[in-house]
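Open the model in your viewer and keep the selection tool at hand. The stops below are meant to be taken in order.

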Amino acid sequence: MKKKKDNYDNYKLSIVVPVYNEENGIKPFLDRTEAVADTLGCDYEIIFSLDPSTDNTYEVIKENMNRNRNIKLITMSRRFRQAAATMAGVLNCTGDICVVIDVDLQDPPEVIPELVDKWKEGYDVVYAQRIDRQGETKIRKVIDLTAYRVINFLSDVEIPVDTADFRLITRRVIEEIRKMPETNMFFRGMVSYVGFRQTAVRYHREAREADVSKYNRLWGEFRMGFHGIFCFSSKPLEYVTFLGGFMTAFGAFLGVIHGIRNLFDKRERSSDRGLVSLIWFMGGLIVFVCGLLGEYVTRIYDDVKGRQRYIIDEFDENN
């Protein structure tokens, strides 16, 4: 099918922002993001996708909606977490292109024009790729350095390293994502799976502007990594199968050696040296394999139930 030519002169930009307990971050984010949107000279909307918060995030967004009619608010019926909030914003936006960005200003809104410029060159996905990460611990940097490489080694879909959800996608990418029924949503993996023309814009990630992240970032990244592996690859099951075959063959080999020694040396006595370690090793391996299978079964169970990926309590389009 021939791709429909995009209208690069008259387009609408949607900016999707998942938020949770971010009352102090809303105004600084809007100050910079609105300035960037105004320089683009296009029609735009800023959609805050809100997990119900315990602070005044909802009220702060509402106040800013009275000031700027381009600001919209989606409120979840309960806390569905960041992935669901992001997907709710993406699937309910009305723009020709959509940019997903966090509110904490670690991903600077000033990069958005560069993403748009790449879209105008004919790309359907433009992901922002980090050059460095300011304000983060060495441990966090090491974890992030290895995480994507592990995911890409195990996954059938390659996810660009040093990227997060901060990216631009076109309307046809959104419509392809809409067709994906899985309950466990891994946004950056789903975008990579869609394909089409994709490219990167390099940028320096800034230190967080206000407070600390209210989403459980470190554990959240681990969860994202699990989704990236188990939702897009069966390689772990293949590796475990090979490991089981190898261990079976090795155990049979040891049994033959032990039998031969007993045949020619009647004084040979069974030894329990290393038996405890072997039991611990085998027990741990069995538990690990059961856990691996459980990860896949859990995702199958979630998909079979067919429940909504999120439930919207309020969608204020500020019209």
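Predicted model: local features only at pLDDT ≥ 70, side-chain atom pairs only at ≥ 80, totals over all residues.

Leaving aside residues up to four places away in sequence, Thr 170 touches Asp 96, Ile 97, Trp 119, Tyr 123 and Asp 124. Show strand β6, residues 163-170, to see the element in which Thr 170 lies. Is Thr 170 buried or exposed? Thr 170 has 2% relative accessibility and therefore counts as buried, the cut-off being under 20%.

Next, select Phe 166. With residues up to four places away in sequence not counted, Phe 166 touches Val 99, Val 100, Ile 101, Asp 107, Pro 108, Val 111, Ile 112, Leu 115, Tyr 127, Ala 128 and Tyr 203.

Now widen the view to the cores. The largest nonpolar core has 37 residues. Phe 166 is among those with the most contacts inside that core, along with Leu 13, Val 17, Phe 29 and Phe 48. Colour helix α1, residues 26-40: the largest share of this core, 5 residues, comes from there. Another core, of 26 residues, lies apart from it; select Ile 47, Cys 98, Val 100 and Val 194, which are among its members.

For the last stop, display helix α6 (residues 171-178) and helix α7 (residues 187-194). Their axes are 10 Å apart, and the two helices pack at an angle of about 110°. That angle makes α6 roughly perpendicular to α7, because angles of 65 to 115 degrees count as such. Select Val 173, Glu 176 and Ile 177 in α6, which meet Phe 187, Met 190, Val 191 and Val 194 in α7. The residues of this contact comprise 6 nonpolar, no polar and 1 charged.

Key:
Residues numbered from 1 in each chain as written. Heavy atoms only, no water. Axes fitted to C-alpha atoms, helices over the stretch in contact; angles between N-to-C directions. Helix = DSSP H or I, 4+ residues; strand = E, 2+ residues; numbered from the N terminus. Parallel < 35°, antiparallel > 145°, perpendicular 65-115°, else oblique. Contact = heavy atoms within 4.5 Å. Nonpolar A, V, L, I, M, F, W, Y, C, P; charged D, E, K, R; others polar. Core = buried A, V, L, I, M, F, W, Y, C linked by side-chain atoms within 4.5 Å. Buried < 20%, exposed > 50% of the residue type's maximum accessible area, 1.4 Å probe, protein only.
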